[in-house]
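Colleague: I have the model open and would like to go through it with you. Could you take my questions as they come?

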Amino acid sequence: NSIWVSTDHDEIEKVAKQFGARVHRRSPEVSQDSSTSLEAIREFLNHHHEVDIVGNIQATSPCLHPSDLIKVADMIQKEGFDSVFSVVRRHQFRWSEVKKGDNKMTEPQNLNPAKRYRRQDWPGELYENGSFYFAKRHLIEKGYLQGGKMAYYEMRAEHSVDIDIDIDWPIAEQRVLSFGYFGKEPLKEVKLLVCSIDGCLTDGRIYVTEDQKQMVSYDYRDIVGVDLLKKRGIQVRFISERDCSKTLSAMQLGCVAEVNTTNKLQVLEDWQKDMGLSWKEVAYLGNEESDVECLKKAGMSGVPADACAVAQKAAGYICRSNGGCGAVREFAEHIFLLLEKVNSARKQ
């Protein structure tokens, strides 16, 4: 019925509202480092007596899909469960812990070493993965997120990501790129990539020689990325606010370009309409404030790691590479991952 973000932080409140969520301002008492999710939820319920069921979605599980949440809501609303929580199936053998200095042997917990299962022959075990906890109001008021008539919801392994420590981040990033949620509309192949020249294809620097000639630098990996996109049938076009036609000519990319433009969005819209593409089929790589509206329009958007803050906020993907240092190639790889997802969905 409603989506809320619980926070005591002004910037988080601002971003939450931009994405259509409502905001509950946490009190200092439940905003400590030691505060629990349950404490924050109980405080929320004290201010919202109309709420009967709470779905607590953990921000540390970025691969969670809306379809999972819809099914869990039905389990509580239609099947009569009081609480439902997420689990994932794991195939891991457990052994008892032996403290250092103890003269004891470890013991198997869930296997017989003389008859070890092969992974494919063993159903495994269910573990909480922390993605979400749904519960009725009366349980939460008693201090429980799990209780009453309980049920688990088994998530697919590829959607089960829990960020606990820093080394979990790169794993989560790759899972999101491969299995993340891409919106309500059916996935479509990207057919056009538009790339800002200065700060994306190049590093944004202009070198001036003593005889007043200008030079820029670029990364050959990005040229390879452009070639790979073209080989996959994706058109690549470039755009710039300054006249850099000589630079593009020297690179010999063989791509359409619009330079010396004052309205990047208008150029992008003209290209999209001329090619008969939906916005889902357009990708955009930018790095400046002048790219923000294009980033918002495109079905897939990205920025180099050193893009300005407003461009980063508008983009769906932030490269690890800086502009002119492999960002185009990296964004190309990101597009290829989406194409793999589209092809997989078609086969299913």
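Colleague: Is Asn 260 buried, partly exposed or exposed?

Modeller: Asn 260 counts as exposed, at 53% relative accessibility, where buried means under 20% relative accessible area, exposed over 50% and partly exposed in between, with a 1.4 Å probe and protein chains only. This is a predicted model, in which local features need pLDDT of at least 70 and side-chain atom pairs count only at pLDDT 80 or more, while totals for chains, interfaces and linings use all residues. Residues are numbered from 1 along each chain as its sequence is written, and side-chain values use heavy atoms, with hydrogens and water left out.

Colleague: Where does Asn 260 lie, then?

Modeller: Asn 260 is placed in the loop between strand S11 (256–258) and H9; helices (H or I, at least four residues) and strands (E, at least two) are DSSP runs, numbered from the N terminus. The phi of Asn 260 is near 60°, a positive value in a residue other than glycine.

Colleague: And at the other end of H9, where is Glu 281?

Modeller: Glu 281 lies in the loop between helix H9 (264–274) and strand S12 (282–285), and Glu 281 is buried, with a relative accessible area of 10%.

Colleague: Which residues does Glu 281 touch?

Modeller: Not counting residues up to four places away in sequence, Glu 281 touches Lys 188, Glu 189, Val 190, Lys 191, Leu 192 and Gly 276, a contact being heavy atoms within 4.5 Å.

Colleague: Let's turn to the core. Which residues of the largest nonpolar core touch the most other members?

Modeller: Of its 30 residues, Leu 193, Leu 201, Leu 229, Phe 238, Phe 331 and Ile 335 touch the most other members. A nonpolar core here is a set of buried Ala, Val, Leu, Ile, Met, Phe, Trp, Tyr and Cys residues joined through side-chain atoms within 4.5 Å. The largest share of this core, nine residues, comes from H12.

Colleague: What is Ile 335 in contact with?

Modeller: Leaving aside neighbours within four places in sequence, Ile 335 is in contact with Val 190, Leu 193, Leu 229, Ile 234, Ala 283 and Met 300. Apart from that core lies another, of 19 residues, among them Leu 192, Ile 239, Leu 265 and Leu 295.

Colleague: What about helix H2, which of its residues are buried?

Modeller: In helix H2 (residues 37–47) the buried residues are Leu 38, Ala 40, Ile 41, Glu 43, Phe 44 and Leu 45, and they pack against strand S1 (4–7), strand S2 (22–25), strand S3 (53–57) and helix H4 (137–141).

Colleague: Changing topic, how many disulfides are there?

Modeller: The structure holds zero disulfides, a disulfide being a pair of cysteine sulfur atoms within 2.5 Å. For Cys 200 the closest cysteine sulfur is in Cys 195, 4.9 Å away and too far for a bond, and for Cys 255 it is also in Cys 195, at 9.6 Å, again too far for a bond. Cys 200 is buried, with a relative accessible area of 0%.

Colleague: How many aromatic pairs did you get?

Modeller: The count comes to six aromatic pairs; rings of Phe, Tyr and Trp (its six-membered ring) pair if their centres lie within 6.5 Å, and planes under 30 degrees apart count as stacked, over 60 as edge-to-face and the rest as tilted. Tyr 117 and Trp 122 form a stacked pair, 6.0 Å centre to centre with 5° between the planes. Tyr 117 is partly exposed, with a relative accessible area of 44%, whereas Trp 122 is buried, at 9%. Phe 93, Tyr 117 and Trp 122 form one aromatic cluster.

Colleague: Which ring does the charged end of Arg 90 sit over?

Modeller: The charged end of Arg 90 sits over the ring of Tyr 127, 5.3 Å from its centre, and Lys 149 lies over the face of Phe 81, at 4.8 Å from the ring centre. The rule asks for NZ of Lys or CZ of Arg within 6 Å of the ring centre and within 35 degrees of the ring normal.

Colleague: Last topic: how many salt bridges does the structure hold?

Modeller: The structure holds 17 salt bridges, each a side-chain nitrogen of Lys or Arg within 4 Å of a carboxyl oxygen of Asp or Glu. One of them joins the side chains of Glu 125 and Arg 94 (3.1 Å, N to O). That pair links distant parts of the chain, with Glu 125 in strand S5 (residues 125–136) and Arg 94 in the loop between strand S4 (83–90) and S5, 31 residues apart.

Colleague: Which residues are linked in a network of salt bridges?

Modeller: Asp 10, Glu 13, Lys 17 and Arg 25 are linked in such a network.
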